[in-house]
Amino acid sequence: MVEPRSPRSRLFTLAIGIGIVLLLGQALWFYLMGHYTRILLPALLSPVMAVAALLAATASVKASRTAAYLVLICGFLLIAVELPGHSSTAALWIGLPPVLTLVLLPLGPAVLLNLALTPVWLALLGNGELAPELAVGYLALVAVATLALWDRLRQRDLLKATDPREHECPALTRKSLHERLTGEFERARLLECPLAVVLLHLPQLDMTREQFGDATRRAMLTAFCQGTLRHCRELDTLGREDETAFWLILPNTTENGALLVQQRLQQALEQVVLVETGPLEVRLRLETPHSGERWPAFLTRLQGMTQALATD
């Protein structure tokens, strides 16, 4: 199975494609204007950008990183050639190298590269002379752009840290799952309403990563979670207990009702078929709180039954 591409990857590929069209258009323009000596660079960079587009079209992290470096090299060469002829508009051109670097590279390497290349860009703009005002503007732009990107990365990490959902599938994390189950258990005890938990185990997950890779493994997790949630109520909660085990919390559900849910899930998940692994194999077990049972005992029992389900 081909790993699904992220919107960012598709956008990057589209941007490279637009860059290829612009390079070819620039080469054609130079030809029509009779600037034959300037045709060579865009004509040579177009195939390099095409290779970068092919690499970016894959889902491989290494290939995408290589594509980013190729695009950065092409951009640097074009800027280096064009900068000496635009000294009158230095304030505009001075911002291209650092912004391009911050867009294509991780924050740390981008900052180091921007600082290392500062004399090069300033010398090209100043015709070999380092202008103090250009140096101040360049360094200020690097600092502002770096702070903006750093704040964006910080906000993203904060959202990821506080997100109750798993990053691999639409299920609650283990911590969020236990918090939700604690609340539902106390609510059921105080209001004397029923509560059921369906334990689900995916034995295929362990071998899927080794045999077919992370792409198939994520596809299996997505298919499992979507198939489970599709046959549940809005108030039901699916959470991930460990690598291959999930708990489905069923509030206000009697044991008979939970058995019906378990049977319905078993039938629905058996119909999920993946190309590489075939039908989805899921083991299910129903647990309900015993009369007078406390939360720590119930949690321990659920964890013990989960381990037993994995060893069956």
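Which residues touch the most other members of the largest nonpolar core? They are I16 and M49, in a core of 31 residues. This is a predicted model, in which local features need pLDDT of at least 70 and side-chain atom pairs count only at pLDDT 80 or more, while totals for chains, interfaces and linings use all residues. Residues are numbered from 1 along each chain as its sequence is written, and side-chain values use heavy atoms, leaving out hydrogens and water.

**The nonpolar cores**

- A nonpolar core here is a set of buried Ala, Val, Leu, Ile, Met, Phe, Trp, Tyr and Cys residues joined through side-chain atoms within 4.5 Å; buried means under 20% relative accessible area with a 1.4 Å probe, protein chains only.
- I16 and M49 belong to the largest core, to which helices including α1 (7–33), α2 (40–57) and α8 (132–162) each supply at least two residues.
- Seven residues, the largest share of this core, come from α3.
- Beyond its neighbours within four places in sequence, I16 is in contact (heavy atoms within 4.5 Å) with M49, A52, A53, A56 and V71.
- Another core, of 27 residues, lies apart from this one and has A171, F246, L250 and A258 among its members.

- Helices (H or I, at least four residues) and strands (E, at least two) are DSSP runs, numbered from the N terminus.
- In β1 (residues 195–201), seven of seven residues are buried.
- L195, V197, L199 and H201 point one way from β1, and A196, V198 and L200 point the other way.
- Strands pair if DSSP finds at least two bridges between them; β1 runs antiparallel to β3 (residues 245–251), joined by seven bridges.
- β1 also pairs with β6 (residues 283–287) in the antiparallel sense, over five bridges.
- L199 stands opposite W247 in β3, and its bridge partner in β6 is R285.

How values were computed
Buried means under 20% relative accessible area, exposed over 50%, partly exposed in between (1.4 Å probe, protein chains only).
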